[in-house]
Amino acid sequence: MNSHSLAERINSDVNASVTYKTDLAQYSTPEFWKEAGGFGDCEDYALLKRALLKEQGFDAEKIHLATCWINVKADNTGHCVLIVETDKGQFILDNNLKDPVPLNFQTVDYRYIWNIIERGGKWYEFSVS
């Protein structure tokens with residue numbers, strides 16, 4: 001299976017198996033980053049997708065968490081997505097989107113804030129604004 005097909009399958013499986021639930025409702029705190037179990041919010045979906053991609057042999061350096069604002073023109077809602085480099089290019093894996101979309105997909109209204117990557121077991125944040 002090529003890397004794009006694998007990313008597409010994992011995105012679909014996770015989106016179908018996890019029910020959205022805020023950290024406040026689950027953990028009584030506004031933010032708690034943890035791989036989604038049966039429930040999770042946007043970063044929990046992204047962390048689970050990342051773990052499953054790594055289990056399937058994806059290079060951790062080709063998988064990036066990204067925080068962003070969505071609905072930029074409306075209400076600037078905070079969001080987290082996974083960006084994955086595949087054999088067909090870079091794609092966004094998002095719990096709000098059925099299918100992966102190219103990173104430069106023009107109809108997705110995201111304004112990226114941070115790119116979060118892991119190198120050698122340490123996490124690094126890079127501002128992209």
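This is a predicted model: local features need pLDDT of at least 70, side-chain atom pairs count only at pLDDT 80 or more; totals for chains, interfaces and linings use all residues.
How many disulfides does this structure have? The count comes to zero.

Take the cysteines in turn. Cys 42 is in no disulfide. Its nearest cysteine sulfur belongs to Cys 80, and that one is 5.5 Å away. A disulfide needs the two sulfur atoms within 2.5 Å. Cys 42 is also buried, at a relative accessible area of 10%.

Now Cys 68. Here too the closest cysteine sulfur is in Cys 80, at 7.4 Å, and so too far for a bond. Cys 68 is buried as well, with a relative accessible area of 1%.

Next, the nonpolar packing. The largest nonpolar core has 20 residues. Leu 53, Leu 82 and Val 84 are the ones with the most contacts inside it. Which elements supply at least two residues each? Two are helices, α1 (3-17) and α3 (42-55); the others are strands, namely β3 (63-70), β4 (77-86) and β5 (89-93). The biggest contribution comes from α3, which gives six residues.

Setting aside neighbours within four places in sequence, Val 84 is in contact with Ala 7, Leu 53 and Phe 58, with Lys 62 and Ile 63, and with Gly 89, Gln 90, Phe 91 and Leu 93. Leu 53 in that list is, like Val 84, one of the residues with the most contacts inside the largest core.

Terms used. Residues are numbered from 1 along each chain as its sequence is written. Side-chain values use heavy atoms; hydrogens and water are left out. Buried means under 20% relative accessible area, exposed over 50%, partly exposed in between (1.4 Å probe, protein chains only). A nonpolar core is a set of buried Ala, Val, Leu, Ile, Met, Phe, Trp, Tyr and Cys residues joined through side-chain atoms within 4.5 Å. Helices (H or I, at least four residues) and strands (E, at least two) are DSSP runs, numbered from the N terminus. Contact means heavy atoms within 4.5 Å.
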